[in-house]
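Good morning, and thank you for coming. Please look at the sequence and the model as I present them.

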Amino acid sequence: MPIPDDIRTYLEGLLAESDTLTLDDSMREDMLQELFVQLENYLTSVIVNNLEPDDLEAFIKMNEEKKSKEEIEQFVQAKLPNAQDIFTNAFIEFRKMYVGNVQSKKGK
């Protein structure tokens, strides 16, 4: 799954900040792909938690119908006027969770 450049930079920063070691480029790419999936799932949960019930039904239907990413993004922007703030906070929280989990596993 292709990772947008700005998201890739963010995820690479997470790996660097958490001192995550990779043995080779393939392993690093696998880790980035896994992180990307986790981030996408997290962002979806943030959207779900912030939509009104009627809008949530429409959002779920759009995903079930495999609407384009652009169409879904436009819907979210229209239904969540403060979407930029919500996503900024979501990226900050995801970073804290990921780095915190890695560090706790390393015993730091």
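The accessible surface of the chain comes to about 7300 Å², and 52% of that belongs to carbon and sulfur atoms; areas are from the Shrake-Rupley method with a 1.4 Å probe, and for residues only the protein chains shown count as cover. The model is predicted: local features need pLDDT of at least 70, side-chain atom pairs count only at pLDDT 80 or more, and totals for chains, interfaces and linings use all residues. Residues are numbered from 1 along each chain as its sequence is written, and side-chain values use heavy atoms, with hydrogens and water left out.

The chain contains five helices and zero strands, where helices (H or I, at least four residues) and strands (E, at least two) are DSSP runs numbered from the N terminus. Of its 108 residues, 30% count as buried, that is, under 20% relative accessible area with a 1.4 Å probe, protein chains only.

Let us turn to one helix pair. Helix α3 (residues 53-64) and helix α4 (residues 69-79) pack at about 175°, their axes 10 Å apart; axes are lines fitted to C-alpha atoms over the stretch in contact, and angles run from 0 to 180 degrees between N-to-C directions. The angle therefore makes α3 roughly antiparallel to α4, a term for angles over 145 degrees.

Which residues in α3 meet α4? They are D55, A58, F59, M62 and N63, which meet E71, I72, F75, V76 and K79, contact meaning heavy atoms within 4.5 Å.

Finally, L14 is in contact with L35, F94, R95, Y98 and V99, leaving aside neighbours within four places in sequence.

Definitions and conventions: Angles under 35 degrees count as roughly parallel, over 145 as roughly antiparallel, 65 to 115 as roughly perpendicular and the rest as oblique. Buried means under 20% relative accessible area, exposed over 50%, partly exposed in between (1.4 Å probe, protein chains only).
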